[in-house]
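User: I'm new to this one. Could you show me how to read it, step by step?

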Amino acid sequence: MIIEHPLLGPRDAQEFTCLGDASLINRPDWQEDDAVNRFYEYLYLRDNPAGEHRELWYHEQGDRSWLVVTRNTVTHEILRVELAIDVARTARSKDRT
Amino acid sequence: MAEYQLEPINALGLSETVDAEIGLVRIVENNANSLASIAIRLGNEKKFSSSARKLLGFALPGPGESASSKTYSAFWSAPNQWFVEASEKSHADIAHILKEELAEMASVTEQTGGWCRFDIEGKTVTSMLERLCMLDMAGMKAGAANRSVIEHIGVFLLCRREHEAISVYGPRSMADSLHHALIAAAKSIA
């Protein structure tokens, strides 16, 4: 499997490790009143779709960047690769507006 | 500059560097360089680039690239992070020298003792390294610098001359394993 790294171009999957669902970026605020419930959902309740799935991948044997890889779990086709830092920043600026 | 009283041994454990000629390639252990990494501290990006350019004599390279002047060479290792090489003779305490100039703008880490370097030269260097590493070796231009894996060992591969000369940096604690992998690959195509 080849992952098209946004900075470095096509790289072999051997260089990466997969963490899992990209929703892990959205860590709940521990000071919220319903923090316990939110963390329960954050930790244990994941979607497991047969099809398009957003995942966090780490370029461990490369530039050590976190990537959000959109992948089809049925066909293994990789549809999109973004830097996780960009994804998180975009989400945060949307939150502010 | 610090004065060292002890004689260090090389990464492969000998007092002489190891030099092997196999088929059309030559693999030479190189211990003549000092190494440090620099990482920009958040919010200092602009100030840092002009100071680094003044100090090193060139603009720091982009992803997958390297650059050099007479004294220093540097290669990109991660966003906002680079490795800087200089001669061990003049820059034995390279981290200190860089830190004095870059001060609070960047974090500087001494790397010399953590890495070993092998310089590989010869007509078959591309086909030799293709047997070891998943990078596009044939597509590597002079000045390309990439981190990847050779036999489960994380390495930096720096292309000095296209299809002709490559330097490999690997963890010093795995120098012998890395050297063995290089020698085995060289023998397999000799």
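**Where the chains meet**

Analyst: The contact draws 10 residues from chain A and 10 residues from chain B, where contact is defined as C-beta atoms, placed from the backbone, lying within 7 Å. One caution: this is a predicted model, with local features needing pLDDT of at least 70 and side-chain atom pairs pLDDT 80 or more, while totals for chains, interfaces and linings use all residues. Residues are numbered from 1 along each chain as its sequence is written, and chains are lettered from A, ligands numbered from 1, in the order in which they are written.

User: Which strands of chain B each supply at least two residues of the side that touches chain A?

Analyst: Those are β5 (72-78) and β9 (145-150) of chain B; strands are DSSP runs of E, at least two residues, and helices runs of H or I, at least four, numbered from the N terminus. The largest share, 3 residues, comes from β9(B).

User: And how do I read a sheet? What is the strand order in chain A?

Analyst: Strands pair if DSSP finds at least two bridges between them. Here you have an open sheet of 4 strands, β3-β4-β5-β6 of chain A, paired antiparallel. Its edges are β3 (17-21) and β6 (78-83) of chain A, each pairing on one side only.

User: How many bridges join β4 and β5 of chain A?

Analyst: There are 7 bridges between β4 (residues 52-58) and β5 (residues 66-72) of chain A. For instance, Arg54(A) has Thr70(A) in β5(A) as its bridge partner.

User: Which helix packs on the sheet?

Analyst: Helix α2 (residues 84-96) of chain A does, touching β4, β5 and β6 of chain A. Its direction makes about 75° with that of β6(A); axes are lines fitted to C-alpha atoms, for helices over the stretch in contact, and angles run from 0 to 180 degrees between N-to-C directions.

How values were computed: Contact = placed C-beta atoms within 7 Å.
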